Each structure stands twice: as C-alpha cells, then as structure tokens.
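I opened this model to look up a few things about its domains, helix packing and backbone. My entries follow the structure.

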Amino acid sequence: MKQYDCLIIGAGIGGLISALKLSSVGKKVLLLEKQPVAGGFGTSFSRKGFTFESSLHCVDALAEGGEIRQFLQESGIENKVKFIELKDFCRIIYPEHDFVADFNSDNLQNFLKNNFPAEAKNLDKLFSEFSGFYRQFDRFYYSKLPAWLNLMLCPFISPKIIKMSLFATGEVINRYIKDEKLRGMLGDIWRFIGLPPEELSAFYFLIVFRGYFYNPTVYVQGGYNRIFQAIVEKIRENGSEVKLSTTIEKIITCNGAVRGVITEKEEEFTAPVVISNANAISTLTELLDNQSVREIYKKKLSCLKKSISAFQVYLGLRFPAKQLGMSNFMYSLNSTYNHNDNFKYSLEGNYQFCPLSLVDHAQVDSSLVPEGKGSLLIMALDSYFNWNSLTDEEYRQKKIEAAQQLINRAEKYLPGLSSNIEVMEIASPRTMAHYGVSPEGAIYGFSQTVKQASINRLPQKTVIKGLILAGAWTQPGAGVHGCFVSGIDAANLALSQLR
Ligand SMILES: Cc1cc2nc3c(=O)[nH]c(=O)nc-3n(C[C@H](O)[C@H](O)[C@H](O)COP(=O)(O)OP(=O)(O)OC[C@H]3O[C@@H](n4cnc5c(N)ncnc54)[C@H](O)[C@@H]3O)c2cc1C
C-alpha cells in the first residue's frame, strides 16, 4: 500500500491550501474530494456559454501585496492565472444614502463625515480604535515568537485583540456612534459574515472590514475557480495526488490517533496525519470510527449555532448589465438601516425586504459570457428551514417565485432586466446543503458570535492525535481569506505532527 504523509478530505479552500503548502515542502499528500471539481463553495459552473461564480462575490487579499497573493507567488501559482484590477468594492445603497466604497478607508470616512457632520469626531475616535486594533493584530499575527509565547504575551502586547474578542460589533460601534443610520452603514459588511452587528464578534468583523474597506483586491480572469484549478495542477507537479469524485466514508483511528481513511468504494489510504476540510459536524460526528469520541463531539457541537444559508439567482443576459444601469461591480441593497430587521427578513424568507447583493462579474471579465452579453448574480441570505420540508412541486414553485421577487427588486436599479434574461439558474439553501455538503446549508460554518469566534472558535486540533480541521467551521472562520489562513495553519500543525 502506498504511504502518504498526509491525507486531506475535501478540496475546498482550506483543503487546497494545506495540500499546496505541504506538497511544496516535499510532503506526500493525497487530497480526496467528493465532487468532480475542486473549490468547494468557491467553484464556478457554466450554462449555455455563461460562466457563473457558484458563490464567491469578491475575495480580499488577492491584490499585489495581499496575503493570499503573496502565498500564490511563493508557491508558483501566480503565473498560472491572470488577475484583473477592481476599481471599487461595492455600491452601498440605503433608503437615504447611496455611495461607492473603493477600498480606501479615508474616502469612506470622508463620505461618512460629510453625511453625518455631527458624528465627525466620533468617527475619528471609532476609526482610531480600529487602527489600534489593526496595529496590534498585525504585531501578533506576524510575530516571529514561538506560537505559545506569542499567545501568552498577547494580553500584554496586543490587548485590543482580547478586547475585540469580548465584544459584539454593535457594542463597539455604538460606543462611539449615536446615529442609527450611520451605525447601520458602518455595519454593512455583516452580509459577508452572516450575523447582524449586535450578535457578530467584533474581532471577526474588524478583520473582514479591513479586507474590503481598506485594501484593494482583484478578480481572476475566467473566475476564481481558475486559482483552484491551478492549485490542483501545482499539487500534482509537486509530486502529490488529487483524487476527485472520491467520497470519504470513514476516518480510521487506532489508540486515539488517526490512521487513515476509507472511501465509499472501500479503498483504504493510510497516513499519520489527516486534515479534514469537510464540515466539522460530519467529520467529528459521522466520519470518525471511534463511537465514544463521536458522542463527545455530538454533545459539544450540537450546542453551537450554525450560520445562515443563502438563496441565489444566476442570470445570463442579452446585454451587459452595465447597459441596464449596473454602474459598479457589486451592489449592496438595503431597505432599512437596522440590521436586526435585515437579519430577521432574511431568516423569514421575506424577499421583499431582505438585503440583497447584486454582482456583475462580467463587467470586469467579458470572457465569462458570450460576446456582447452579460450576467448578474443576485443573492439573499436565507434560512434552510424555509425550504427543507417542501415537496418537490412546492420547492420548484417557491424557487421561481422567490427568484421573481429578487429580479423585480433588482429591476428598480436595472430597468429592463426581466425582459433581457436568456439563462436563469437558482440555488436555494437546499442547494447549499447538497453541493456544499453543509449541515442546514450553512454558508459560513458555525456563526461568528462572540462565544464562537476568535479564541472561542472550534480549534483545528481535535482530540484525535493527527486529525486536524481546516476551513470555515474551525479557526479563524469563513470567507476565502479566513479559510486560506485555516489551510496554512492546518499545514503547519501537520508539519509539527510529522516532525
Ligand atoms: C452564497 C455564498 C456566497 C459567498 N460569498 C463569499 C465572498 O464573496 N467572498 C468570500 O471570501 N467568501 C464568500 N463565501 C464563503 C466562502 O465561499 C466559504 O467560506 C469558503 O469557500 C469555504 O471553504 P472551506 O475551506 O470551508 O471548504 P468548503 O467550500 O466547505 O469545501 C469543503 C469540501 O469538502 C468536500 N467534502 C465534504 N465531505 C466530504 C467527504 N466525505 N469526502 C470528500 N470530500 C468531502 C466538499 O465536497 C467540498 O468540496 C460565500 C459562500 C456562499 C455559500
């Protein structure tokens, strides 16, 4: 039987990045993925000549100097893909405000100060609090100290990390800002994390906030998926293996240590380390062969809150969306400034009022659509429980009705949208559960509540020696950047285990 240093279950971002890192330092890796393509939630698909991002709207840290980009450079991936500069991040629309966030936090602050002059000083104080956190976070994150020492010194050297880990985003913003509308606009990025500011960990909010409001990023020609294809190619060039369309049924353990995995075709692979990028619930409560450990995890994980799901409409258009009025790459549409209400509308499946994201990837990359045509992605956060118990007929009908409501709302900004649709695909929370292999269709793993974020997040190390988690469900959390960090950290844990 062939010997591997590390087996990796799942070729989502976390799995791909750990496989790339380990294979590039000479470790023999076998990456096993259930789907016929790599990328997990981050993959793309094509219909009648239109290529759609399955999920990803925008990914931070990909521009020159960004953390992911740097790693791609060092791993020999950069020249396999072509990056396209994005001029701005998002047009953000609220009932009385409409502005474009352009990756420059000074412009954002100036816009907010001009619109809320009475809050100008408070905004200065809030952004100075943010800057202090970022300085301390970077000192901690890029520290050369041994991890244990760095952690031990954190409360003294980087106390703001601890502070932000103890509070919800709303508590931090509301401490400085009085105006409800301004509070809402500052919290807009909650959509990318899936919890309203009142419940969302300030720690994770601030990381994501900087990713999109402070630093430029890029799109990838042909779709983000090109990066994942290039990573698979590189892993193979590094002498390791990637097996697609291969489902893992069991993780084998012996005397409290991992020994290998068994596929649904009953193939067995062994290695001293297994990284699981499959969701933590399946990994620890279904795949593990050790029943008593499974029971412990069942109890523990059933107490954790899962993140929200999503409903998406993918449209292939007769004309570029820009011709219909889509002035920017992405829109955030909000019918109220109150994100508790926004979250409630999403959970209730209230498609008339829930916040929407519109994304026009073809605006920056015309290779995604047939010549002269366009595309649009509309996303609403949604709950799996609005969909899970429908009959097939009810399900089909609800999908069409919900899609129609979202198209009607988008049409207010893009007149003529509905009469120029050539192709339509719809993904519901049930699709997220099925293709994303995600319990309750959760799109961001466990929720980033204060109790489940930062140091409180489910650790990557498990009680089984050599079994490591990577991806959205574990530390630090969801989003491509979060899962990238998780993949790197999983690889580092694997290396220390192998030593
Ligand atoms: C609708 C939507 C919009 C989003 N928008 C953005 C965005 O704009 N920007 C951003 O940064 N992030 C966004 N995200 C979040 C981001 O896509 C995810 O956080 C990230 O892709 C998750 O990566 P992961 O490493 O956790 O792996 P996953 O994507 O969860 O992949 C896990 C992989 O494991 C495989 N697997 C599971 N079980 C098994 C098994 N038993 N055997 C073999 N393989 C198995 C699965 O098939 C899958 O390929 C979005 C997500 C969704 C759903």
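**Ground rules.** I am working with a predicted model, in which local features need pLDDT of at least 70, side-chain atom pairs count only at pLDDT 80 or more, and totals for chains, interfaces and linings use all residues. I number residues from 1 along each chain as its sequence is written.

**Domains.** I looked up the domain assignment, whose bounds come from an automatic or database assignment. Domain 1 is 6-42 + 53-83 + 221-304 + 458-498, domain 2 is 104-213 and domain 3 is 306-435. I find 29 Å between the centres of domain 2 and domain 3, taken over C-alpha atoms. For contacts I use C-beta atoms, placed from the backbone, that lie within 7 Å. On that basis 12 residues of domain 2 are in contact with 12 residues of domain 3. The domain 2 side of this contact has four nonpolar, three polar and five charged residues. In these classes Ala, Val, Leu, Ile, Met, Phe, Trp, Tyr, Cys and Pro are nonpolar, Asp, Glu, Lys and Arg are charged, and the others, Gly among them, are polar.

**Helices H3 and H4.** Helices (H or I, at least four residues) and strands (E, at least two) are DSSP runs, numbered from the N terminus. Axes are lines fitted to C-alpha atoms, for helices over the stretch in contact, and angles run from 0 to 180 degrees between N-to-C directions. The axes of H3 (residues 105-115) and H4 (residues 120-141) come within 9 Å and cross at roughly 155°. That makes H3 roughly antiparallel to H4, a label for angles over 145 degrees. I noted Gln109, Leu112 and Lys113 of H3 meeting Ala120, Leu123 and Phe127 of H4. By class these are four nonpolar, one polar and one charged.

**Helices H4 and H6.** I then followed H4 to H6 (residues 159-166), where the axes are 8 Å apart and the angle is about 115°. H4 brings Gly132, Phe133, Gln136, Phe137 and Phe140, and H6 brings Lys160, Ile161 and Met164. I sort this contact into five nonpolar, two polar and one charged residues.

**Lys373.** Is this lysine buried or exposed? Lys373 is buried, because it has 21 C-beta neighbours inside 10 Å. The cut-offs are 20 or more other C-beta atoms within 10 Å for buried, 12 or fewer for exposed, and in between for partly exposed. Lys373 sits in the loop between strand S16 (356-359) and strand S17 (374-382). Beyond its neighbours within four places in sequence, Lys373 contacts Gly316, Leu317, Arg318 and Phe319. Phe50 is 323 residues from Lys373 in sequence, yet 8.9 Å away, C-alpha to C-alpha.

**Backbone checks.** Ala61 has a phi of about 70°, in the loop between strand S4 (50-53) and helix H2 (67-74). Ala61 counts as buried, with 22 C-beta neighbours inside 10 Å. Glu440 has a phi of about 55° and lies in the loop between helix H15 (429-435) and S19. With 17 such neighbours, Glu440 is partly exposed. I also noted a cis peptide bond from Gln475 to Pro476, with omega near -5°. Pro476 is in the loop between strand S19 (467-469) and H16.

**Leu495.** I ended in helix H16 (residues 480-498), which holds Leu495. Leu495 is partly exposed, with 16 other C-beta atoms within 10 Å.

Note on methods
Contact = placed C-beta atoms within 7 Å. Parallel < 35°, antiparallel > 145°, perpendicular 65-115°, else oblique.
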